[in-house]
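Open the structure in your viewer and keep the selection tool at hand. The stops below say what to select next and what is there.

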Amino acid sequence: MLVWHPEGADEHVWAGLREHFSDEQIVELGSFVALTYGQQSVIKTWDVGHGELPGHPTAGLAPDEGIGA
Amino acid sequence: MRSADPRRPPRPHLPGTADEIRARVPVVRESWRYIDQAVLRSGPADPRIKELCFRFLAGELHEAELDGSGGRERAALDWADAIVNDSSRADDSVWARLHASFTEEELVDLGCAIGFELGQQHWRRTIGLPARAHQP
């Protein structure tokens, strides 16, 4: 939701979040997703793949064989 | 998926300003304050061009405002468009214009600033806050 349709995070979505997380956890999780989404969006325009940054073997996009592949 | 009722003004799902909400987790607030001061509000890239890109992300920028703007602004906005909408749009032509207009240091600063601001604006919108603190 944060990535594709932020305004879609309606009462239903927030009720689901509160069922599983405290407000503090929601703030931390949301910030983590925001940072990751923003920086991965930039890295994609560098055309850098997972493990392709020298010295940073886990940097870059998730590997193709990851979740959902 | 439920859609928001356009007749209802957005109601924040957490009370307070963005900074007050982040303050619930001090390390989150401090991290964003550092990003804000070190990257969003300063750094080697031209702050005017950063602001232009931030307004583009928020949907505040109108084409007419770009009349007479130079190649630097156009290149930066084309990059911001690729970052937001489709990374394949950052093709060799866009990168040639970026390299002609900015140093590599400026490109790192500008690109990371766009990324931080993009994530921040989306986060704010999920909470029911406006994309930016100061709306036009």
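Which side chain of chain A meets Arg24(B) in a salt bridge? Select Arg24(B) and Asp23(A): their side chains form a salt bridge with N to O at 3.2 Å. A salt bridge here is a side-chain nitrogen of Lys or Arg within 4 Å of a carboxyl oxygen of Asp or Glu.

Before moving on, a note on the model and its labels. This is a predicted model, in which local features need pLDDT of at least 70 and side-chain atom pairs count only at pLDDT 80 or more, while totals for chains, interfaces and linings use all residues. Residues are numbered from 1 along each chain as its sequence is written, chains are lettered from A and ligands numbered from 1 in the order in which they are written, and side-chain values use heavy atoms, with hydrogens and water left out.

**Stop 1: the salt bridges**

Over all chains, a search of the whole structure finds 19 salt bridges. Arg24(B) sits in the loop between α1 and α2 of chain B and Asp23(A) in helix α2 of chain A, so this pair joins two chains. Helices (H or I, at least four residues) and strands (E, at least two) are DSSP runs, numbered from the N terminus. Arg24(B) is partly exposed at 28% relative accessibility, and Asp23(A) is partly exposed at 22%. The terms are set by relative accessible area: buried is under 20%, exposed is over 50%, and partly exposed is in between (1.4 Å probe, protein chains only).

Next, select Lys50(B) and Asp109(B), a salt bridge whose closest N and O atoms are 2.8 Å apart. Lys50(B) belongs to helix α3 (residues 47–57) of chain B and Asp109(B) to helix α6 of chain B, so the pair ties together parts that are 59 residues apart in sequence. Both Lys50(B) and Asp109(B) are buried.

Then select Asp81(B) and Arg89(B), where the closest N and O atoms of the salt bridge are 2.9 Å apart. Asp81(B) is buried, with a relative accessible area of 18%, whereas Arg89(B) is partly exposed at 39%.

To see a network of salt bridges, select Glu51(B), Arg55(B), Glu60(B), Glu65(B), Glu117(B) and Arg132(B) together.

**Stop 2: where chain B touches chain A**

Show both chains. In contact across the interface are 31 residues of chain B and 28 residues of chain A, contact meaning heavy atoms within 4.5 Å. The area buried between the chains is about 2,800 Å², and carbon and sulfur atoms give 65% of this area. Buried area is the accessible area (1.4 Å probe) that two parts lose on being put together, summed over both.

The rule finds two salt bridges across this interface. On the chain B side, α1 (18–22), α2 (26–40), α4 and α6 each supply at least two of the residues that touch chain A. Colour α6(B) to see the largest share of that side, 12 residues.

For a look from chain A, select Ser31(A), found in helix α2 of chain A. Ser31(A) is buried, with a relative accessible area of 4%. Not counting residues up to four places away in sequence, Ser31(A) touches Val28(B), Trp32(B) and Trp123(B).

**Stop 3: helix α5 of chain B**

Which residues of helix α5 of chain B are buried? Select residues 92–101 of chain B, then pick out Val94(B), Trp95(B) and Leu98(B), the buried ones. Viewed down the axis of α5(B), these buried residues fall within an arc of 95°, so they line one face of the helix. The arc is taken from the directions from the helix axis to the C-beta atoms. Asp92(B) and Ala100(B), on the other side of α5(B), are exposed.

**Stop 4: Ala80(B)**

Select Ala80(B), in helix α4 of chain B. Ala80(B) is buried, with a relative accessible area of 0%. Beyond its neighbours within four places in sequence, Ala80(B) is in contact with Cys53(B), Phe56(B) and Ile114(B). A distance to draw is the one between the C-alpha atoms of Ala80(B) and Phe56(B): 7.9 Å, for residues 24 apart along the chain.

**Stop 5: chain B as a whole**

Zoom out to chain B, with its six helices and zero strands. The C-alpha atoms of chain B fill a box of roughly 45 × 35 × 25 Å along the principal axes. Of the 136 residues in chain B, 44% count as buried.
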